[in-house]
Amino acid sequence: MTDQFKIAGRNVKSRFLLGTGKFPSNAVMRSAIVASRAQIVTAALRRVDLDSEEENLLAHIPEGTIMMTNTSGARDAGEAVRIARLSRALGAGDWIKIEVIADNKHLLPDNAETIKAAAILAAEGFIVMPYFNPDLADARRLRDAGAASLMPLGAPIGTNKGLCTKELIKILVAEMDLPVIVDAGLGRPSHAAEAMELGAAAVLVNTAVASARDPVRMAGAFALAVEAGRSAWLAGPGSVSETARASSPLTGFLG
Amino acid sequence: MNLKINGKEVSAAAGITVEGLLDKRPGRGRVVVALNRTVLPDTLWEKTALKEGDALEIFTLFGGG
Amino acid sequence: MSFYNIHSSRRGGLDGLLKSATDGDISRALERETPGEEDFLAFLSAGAAGRLEELAVKANERGLRNFGRVIQLYAPLYLGNFCENECVYCGFRRSSRIARKKLDLEEVENEAKALSRSGIRDVLMLTGESRTLTPPAYLAACAELLKRYFASVSVEVYPLGREEYAELVSAGADGLAIYQETYDEELYAELHPSGPKRDYRGRLDAPERGCLAGMRRVNVGALLGLSDFRREIFFTGLHAAYLRDSFPGVEISVSLPRLRPQQGGFSPLSEVSDRDFVQAMLALRLFLPRAGISVSTRESGGFRKDLIGLGVTRMSAGSRTGVGGYSSPERTEGQFSVSDKSGLEAVKSLIRARGYQPVMKDWQ
């Protein structure tokens, strides 16, 4: 039985999504993408400085990669929608990661604005991938708004703390049919494996790979971890403890 | 004439086109242009002459999460 | 949408699935944070019968976490035993030669006074099935009256339409109990040869109509002793889960009424031992961690005492199953012979003896 990963009806070849930010150079970034075997890669839309030499990001992205623009910088739904439309006009495709952050201290997403943006962009035919704080009611609202997936944070951006929101993610996996893609906060390959063992459909990692001493090797490590976690989930873990009971205090009365 | 490019006040030759402005860039990566908050398709860059007070925004893809 | 579709799709191959659960399946099911249908089958399987203590430990822990050490008490109040059905297993069936009675509102008030004097705050009003003699308007009038004496009024009557349930809710009823008796459609037809109760589908969808009408609490179950108990409990669990998932605001609970001897002497078609009963209860507790589990005086006091801690959250106490049984000496035959004849105080002591607290009302 093949393990197919689909988002919005499209086959995606890898359950490891990689961010392109914070790499030491575009060359390292490209090698990391190759080592990660990621098919979906995120990028940000930024203003171009007319006076300086700007390298073209897209020139360093391997062929066959799906670009997913991140609306980072948006402080409300309106700004996120604008970034999405600009990205599309740039020719960056229909995949859009909605990231609306109004809190600059902790970089936590604004769920309400994210939902608003999701509804508008889904209606315009974007493949909406919303980054949000893992609340089940908001997940349902995102689904109803037309989101193609759910991207709950594991921990605040850049903290590398791992699955702080583990229990909430488990609930999302249990209750929602949309693919749950854990995004943000995953600091080590073991975190990624753990997320996959819980039943997440995929993970998105950026900081942990880009800021590693050897980003290319770390990208490969994450790829292996994601595969291992996914296999474990499909295999169905065995029971953890075998309790042998010498006495039957609760059902002894049955004889 | 005076223009705003990416929020900064700049002065440019009167009647310069969008294509003319972009031509001065050292890099030639793909960009998207918004003139007065509306996307301007690249087919119109050569034909669109800028006026006093126009606000231009130029975006491209950068590395990001 | 109806539970009927789910029931139809799960009917086949059930016996095989119940038999084929392995030790490994049962162990994994016990480890699962949120047991699913397959785990429920494992808990109900023949194999699990030999591992009840493990199920009990888990069920006990779940119960403590979700309910604490509390047992809610209620009492049934029979308003009338007129019935147009011929359910072969029931003492109130139409052809039974018993004294028939229906309480008028003054008599209902006397019953309410007597019962509430004892300390009961949660009442379950029951009738047989007679739309002519105990019509919906009568039920609503009784509910309104009872609401003046009790904090919570539940009803266990013949299936009503959604609007009729809504009228009961407006009148003050907050709970609905209705049992499918057997989820086996073919057996159901045999056991209900005549009368309105023949309508299997109408009865099956009744709890859902109650939820739609605004009932706060809905209680479902099957009469154990008719078809194979493992199948009946499986469908009881699925039915409860369906209602819980479709109506997140409603408190869903299950009951496990076990056939008792009654006038006319119907014998159970299949045996349900105490061990079977316990397995059923543990499986339900594990599959539905937040559902209430109600056990009536069909079960003996001693047995009910042992069930505390295994998942039960509600018990009836000081029950009289004859019409007008509280305010006057028992002049009419009860629907079933009460096994636990201990009064309310005795039941409270029994609960306390297990380190649990008896509670008379859930909310105000």
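Colleague: Which residues point one way from strand 2 of chain C, and which the other way?

Modeller: Please keep in mind that this is a predicted model. The general idea is that in a regular strand the side chains alternate between the two faces of the sheet. Here, Asp122(C), Leu124(C) and Leu126(C) point one way from strand 2 of chain C, while Val123(C), Met125(C) and Thr127(C) point the other way.

Colleague: Are the residues of strand 2 of chain C buried or exposed?

Modeller: Strand 2 of chain C, which spans residues 122-127, is mostly covered, with six of its six residues buried.

Colleague: In what sense do strand 1 and strand 2 of chain C pair, and over how many bridges?

Modeller: The two strands pair in the parallel sense, over five bridges, and within this pairing Tyr78(C) stands opposite Leu126(C) in strand 2 of chain C. Strand 2 of chain C also runs parallel to strand 3 (residues 152-156) of chain C, to which five bridges join it, and there Met125(C) has Val155(C) as its bridge partner.

Colleague: Which helices take part in the β-α-β units with these strands?

Modeller: Helix 6 (residues 105-117) of chain C makes a right-handed β-α-β unit with strand 1 and strand 2 of chain C. Helix 7 (residues 136-147) of chain C belongs to another such right-handed unit, made with strand 2 and strand 3 of chain C.

Colleague: Why does Leu77(C) count as buried?

Modeller: Leu77(C), which lies in strand 1 (residues 70-80) of chain C, counts as buried because its relative accessibility is 0%. Leaving aside neighbours within four places in sequence, Leu77(C) is in contact with several residues, including Val123(C), Met125(C), Leu115(C) and Tyr326(C). The C-alpha atoms of Leu77(C) and Leu115(C) are separated by 8.6 Å, although these residues are 38 residues apart along the chain.

Colleague: How many disulfides are found over all chains?

Modeller: In general, a disulfide is a covalent bond between the sulfur atoms of two cysteines. A search of the whole structure finds zero disulfides.

Conventions
Residues are numbered from 1 along each chain as its sequence is written. Chains are lettered from A and ligands numbered from 1 in the order in which they are written. This is a predicted model: local features need pLDDT of at least 70, side-chain atom pairs count only at pLDDT 80 or more; totals for chains, interfaces and linings use all residues. Side-chain values use heavy atoms; hydrogens and water are left out. Helices (H or I, at least four residues) and strands (E, at least two) are DSSP runs, numbered from the N terminus. Buried means under 20% relative accessible area, exposed over 50%, partly exposed in between (1.4 Å probe, protein chains only). Contact means heavy atoms within 4.5 Å. A disulfide is a pair of cysteine sulfur atoms within 2.5 Å. Two strands pair if DSSP finds at least two bridges between them. A crossover is right-handed if, with the strands pointing away from the viewer, the path from the first strand over the helix to the second runs clockwise.
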